[in-house]
Amino acid sequence: MNSLACLPDNSLVATAIDHKAQEDSVRLTWSGAAQARLVFLSEKPMDISRESNGDVMLVLTLRSDAKPMGQVTLGMDCGNGCAAKLPLDEALASLTTGQWTTLGVPLKCLAKAGADMTRLDRPLILETGGAWQTSISRVSLAAGNQAEHVLACARN
C-alpha cells in the first residue's frame, strides 16, 4: 500500500511504513502548500473526563523525520465551541530527527484549553501550514511515566 490518504492538493499525504511490524505505522508529509490537518475520528463521542482529572496523557509514539517549517498544533475537538489546540513547536524542537520516541500531552492541558472531555469525537488533530514530515506508530492514553518527552501546559 503506497498511500493511505491524501488531500486533493497533496498538502498532506499519509504513507504506510514499518516500525515494529510491516506497515504498522504511518508517515505523514505536509507539503506546506496549504494549512492541513490529520484528524483521528471516533465513531461515538468518547468520555475521558475521569482520565483528564489525573495525570493521564495522550501519548504518541512518533519519529520526527524533518523539522517543521511552520507552527504545528495538537488538538482535540468535540464540535462547536469545545475545541482545544496546543502548540507543539517547543516539544518538537527538542526531539532528535530520525529517532523514535514518545511524546506525552497531559489531558488536563487539553481540557484547560477548551476540550470538553465528556464528548470527544476527534481525540487527535495534528495541524500545520508549513512543510513537515513525521511518522506515527501508536497513539494511546497512558500515565506520565510512559512518555520520554512531556508537553508543558500553557500558563494562563
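Cys109 is buried, at 4% relative accessible area; buried means under 20%, exposed over 50%, and partly exposed in between, with a 1.4 Å probe and protein chains only.

First, the ground rules. This is a predicted model, in which local features need pLDDT of at least 70, side-chain atom pairs count only at pLDDT 80 or more, and totals for chains, interfaces and linings use all residues. Residues are numbered from 1 along each chain as its sequence is written, and side-chain values use heavy atoms, with hydrogens and water left out.

Back to the cysteine. What does Cys109 form with Cys153? The two form a disulfide, with 1.6 Å between their sulfur atoms. A disulfide here is a pair of cysteine sulfur atoms within 2.5 Å. In general, a disulfide is a covalent bond between the sulfur atoms of two cysteines. The angle about the S-S bond is -85°, and the link of Cys109 and Cys153 is left-handed. Because Cys109 lies in helix α3 (residues 107–112) and Cys153 in the segment after β11 (149–150), the pair ties together parts that are 44 residues apart in sequence. Helices (H or I, at least four residues) and strands (E, at least two) are DSSP runs, numbered from the N terminus. Cys153 itself is partly exposed, at 34% relative accessibility.

The structure holds 2 disulfides. Cys78 is joined to Cys82 by a disulfide, S to S 1.7 Å. Are these two cysteines buried or exposed? Cys78 is buried, at 5%, and Cys82 is buried too, at 3%. Counting bonded cysteines along the chain, the pattern is 1-2, 3-4.

Now the whole chain. The protein has 3 helices and 11 strands. In sequence order they run β-β-β-β-α-β-β-β-α-β-α-β-β-β. How does the radius of gyration fit the rule for a compact globule? A compact globule of 156 residues would have a radius near 15 Å, and the protein has 15 Å, so the two agree. That radius is taken over C-alpha atoms, and the globule rule is 2.2 Å times the number of residues to the power 0.38. The C-alpha trace spans about 40 × 35 × 30 Å along its principal axes.

Of the 156 residues, 41% are buried. Contact means heavy atoms within 4.5 Å. Taking contacts between residues at least 6 apart in sequence, 76% join residues at least 24 apart.

Thr61 sits in strand β5 (residues 56–66) and is buried, with 15% relative accessibility. Leaving aside neighbours within four places in sequence, which residues does Thr61 contact? Among them are His19, Trp100, Ser135 and Arg138.

Thr73 is in strand β6 (residues 72–77), and at 11% relative accessibility Thr73 is buried as well. Thr73 and Leu88 are 15 residues apart in sequence, while their C-alpha atoms are 5.3 Å apart in space. Not counting residues up to four places away in sequence, Thr73 touches Lys85, Leu86, Pro87, Leu88, Ile125, Leu126 and Glu127.

Last, charge. There are 14 positive and 16 negative side chains, and the centres of the two sets lie 4 Å apart. Lys and Arg count as positive and Asp and Glu as negative, with His and the chain ends not counted. Each charge is placed at NZ of Lys, CZ of Arg, CG of Asp or CD of Glu.
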